[in-house]
Amino acid sequence: MRRFINHLCILLVSTQFYCYSQEDQRTSQFPNVIYILADDLGYGDIKTFNPEGKIPTPNIDAMASNGIKFTDAHTSSAVCSPTRYGILTGRYNWRTSLKSSVLSGYSKSLIKQERTTIAEMLKRQGYNTAYVGKWHLGWDWDILDKNPNLEHDKLNINPKVNFSTPIKNGPSTHGFDYSFGFSGSLDMAPYVYVENDKATMLPTKTTISVDEKGFWREGLTSDDFVHANVLQDLTDKAVQYINQNAKDTSPFFLYFPLPAPHTPILPTTEFLGKSNTNMYGDFVMQVDDVVRQIRETLIKQGISENTLLVFTSDNGCSPKADFEELAKVDHNPSHIFRGTKADIYEGGHRVPFIIEWPKKVLKNSSSDKTICTTDFFATCAELTGYQTPDTEAEDSFSMLPILNGDNTAEVREYIVHHSIDGSFAIRKGDWKLIACPGSGGWSYPRLQDIKREKLELPAMQLFNLKEDIGETKNLIVEHQEKAQELKTALKKIILDGRSSIGTTQKNDGMEGWKQIETVIN
């Protein structure tokens with residue numbers, strides 16, 4: 001009998017070990033995934049994308065040398081909140097209620113609770129998930145003001161908040177097992193860290209508004225939130241998370257949206273003057289050092305080979321970088337492209353995009369295929385074998401064939417661009433149609449410039465980017481058929497509620513959506 005029991009115990013242990021082995025085999029075949037999102041970093045700020053650039057970025061360049069860089073990568077919007085929505089959901093932001101501009105630090109959650117995020121999808125595939133950094137997608141503070149007329153989405157409105165109660169509809173609601181960060185941009189109140197839905201400290205002081213290179217808005221601030229230290233604080237948390245999860249049998253997903261080099265432009269003492277450009281250049285170098293710390297941690301933990309590391313930016317460079325000052329040292333954050341952050345022109349949304357995955361991706365490779373930041377959802381879905389329903393990731397296309405070495409593969413036929421004022425553009429191959437007469441953003445000619453100077457401009461703009469990458473010659477008159485073809489495609493993508501293959505979906509906030517009138521009429 002004892003012998004029988006011993007055999008039975010061995011059988012049970014062996015069976016359990018086999019099950020664990022099968023599970024380990026299922027999850028370990030998937031890479032860890034880290035998504036580093038810089039804030040307001042220009043295409044021309046990274047040496048590997050702009051060899052004539054004057055800001056040293058050795059660590060980001062090393063990523064490209066050890067992986068693949070995409071030279072025709074775009075954010076789904078020319079400003080930050082919308083782009084972040086697209087990254088996490090694989091869906092264009094303008095399908096939500098956010099048709100223009102950005103959220104504030106007190107805005108409610110833009111992501112609906114029923115909307116699947118990439119974190120939720122990867123959790124279903126066996127991943128541990130974390131967010132560290134700048135959220136800027138809204139979450140629900142316990143706001144005490146009961147006045148329904150208070151516009152909490154306005155950037156300079158500071159409502160009364162009970163900071164002692166947990167937030168709702170934040171990162172944990174949307175699939176993140178661990179979260180640490182703050183609600184808006186580094187220049188938006190409240191200046192309070194929130195960890196796993198709870199403020200780490202209650203705000204006891206007020207930061208005074210400053211409108212210079214170190215620009216930030218007035219607002220409540222906690223003692224542990226020091227603007228100049230935030231970038232390194234977040235990096236320390238990200239490194240800590242990697243160290244804690246490096247040896248786990250399950251892979252991890254770390255979404256790491258940085259608050260830099262966005263305003264306030266506050267490089268630490270170690271980087272002041274290091275770039276020989278200006279404070280913005282110094283701050284870019286500090287961002288590059290963040291990449292160094294993450295890559296060195298992966299190597300130290302022995303997991304760099306099977307970690308899929310992404311580096312990109314949420315839109316083009318902001319004018320707050322002082323383009324005139326940088327021009328004096330022959331540096332242009334927008335490189336050869338027209339426009340800046342907020343614009344519908346290429347400088348507003350064409351960004352550096354690098355993927356390093358030593359186990360799979362060909363080293364020192366480059367792709368000129370057009371991709372969008374919304375495409376990461378479909379890429380991770382295909383990578384992990386997730387079957388995406390029609391109600392998820394409606395504007396996401398997989399980049400996996402390119403990562404696997406097929407640089408002949410086309411990721412997407414069309415890409416839709418969006419500016420801060422809600423203007424649209426659509427791109428197919430060399431051709432780009434802009435559905436507004438100006439920049440759609442902050443560069444000349446803005447809408448107010450057109451009205452004030454009574455400029456007689458065509459309602460739309462058509463450019464051949466192969467022949468005119470600087471978008472200097474509007475071909476709308478010469479190529480009306482091409483313009484109509486693109487306009488028809490844009491109308492269909494908007495009204496179908498999706499650009500990927502699948503059943504028609506609904507857009508939110510269709511009533512009173514003025515920005516689409518020129519497209520659908």
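A disulfide is taken here as a pair of cysteine sulfur atoms within 2.5 Å. By this rule the structure holds zero disulfides. The sulfur of Cys372 has its closest cysteine sulfur in Cys380, at 14 Å, which is too far for a bond. For Cys436, the closest cysteine sulfur is that of Cys372, 18 Å away and likewise too far for a bond. Cys372 is buried, with 1% relative accessibility, and Cys436 is buried at 7%. Buried means under 20% relative accessible area, exposed over 50%, and partly exposed in between, with a 1.4 Å probe and protein chains only.

The model is predicted: local features need pLDDT of at least 70, side-chain atom pairs count only at pLDDT 80 or more, and totals for chains, interfaces and linings use all residues. Residues are numbered from 1 along each chain as its sequence is written, and side-chain values use heavy atoms, with hydrogens and water left out.

Salt bridges were examined next. Side chains of opposite charge can pair when their charged atoms come close. A salt bridge is a side-chain nitrogen of Lys or Arg within 4 Å of a carboxyl oxygen of Asp or Glu. The whole structure contains 29 salt bridges. One of them joins Arg84 to Asp39, with the closest N and O atoms 3.5 Å apart. Arg84 lies in helix α3 (residues 80-89) and Asp39 in the loop between β1 (32-38) and α2 (58-65), so the pair ties together parts 45 residues apart in sequence. Helices (H or I, at least four residues) and strands (E, at least two) are DSSP runs, numbered from the N terminus. Arg84 is buried at 0% relative accessibility, and Asp39 is buried with a relative accessible area of 0%.

A salt bridge also links Glu394 and Arg115, whose closest N and O atoms are 2.8 Å apart. This pair connects distant parts of the chain, 279 residues apart. Glu394 sits in the loop between α9 (375-384) and α10 (400-403), and Arg115 in the loop between α3 and α4 (118-124). Glu394 is buried at 1%; Arg115 is buried at 12%.

Lys428 and Glu485 form a further salt bridge, at 3.8 Å from N to O. Lys428 belongs to strand β15 (residues 424-428) and Glu485 to helix α12 (residues 480-496), so the bridge ties together parts 57 residues apart in sequence. Lys428 is partly exposed, at 27%. Glu485 is partly exposed, at 33%. Elsewhere, a network of salt bridges links Asp72, Glu346, Arg350, Arg427, Lys432 and Glu471.

Strand β15 is part of an open sheet. Four strands form this sheet in the order β14-β15-β16-β17, with antiparallel pairing. β14 (415-418) and β17 stand at the edges with a single partner strand each, so one side of each lacks a neighbour in the sheet. Two strands pair if DSSP finds at least two bridges between them. Four bridges join β15 to the antiparallel strand β16 (residues 431-434). Within β16, Trp431 is the bridge partner of Lys428. Helix α12 lies across β14, β15, β16 and β17, and runs at about 110 degrees to β15. Axes are lines fitted to C-alpha atoms, for helices over the stretch in contact, and angles run from 0 to 180 degrees between N-to-C directions.

Asn464 is found in strand β17 (residues 461-464). Asn464 is buried, at 8% relative accessibility. Leaving aside neighbours within four places in sequence, Asn464 is in contact (heavy atoms within 4.5 Å) with Asp430, Trp431 and Leu475.
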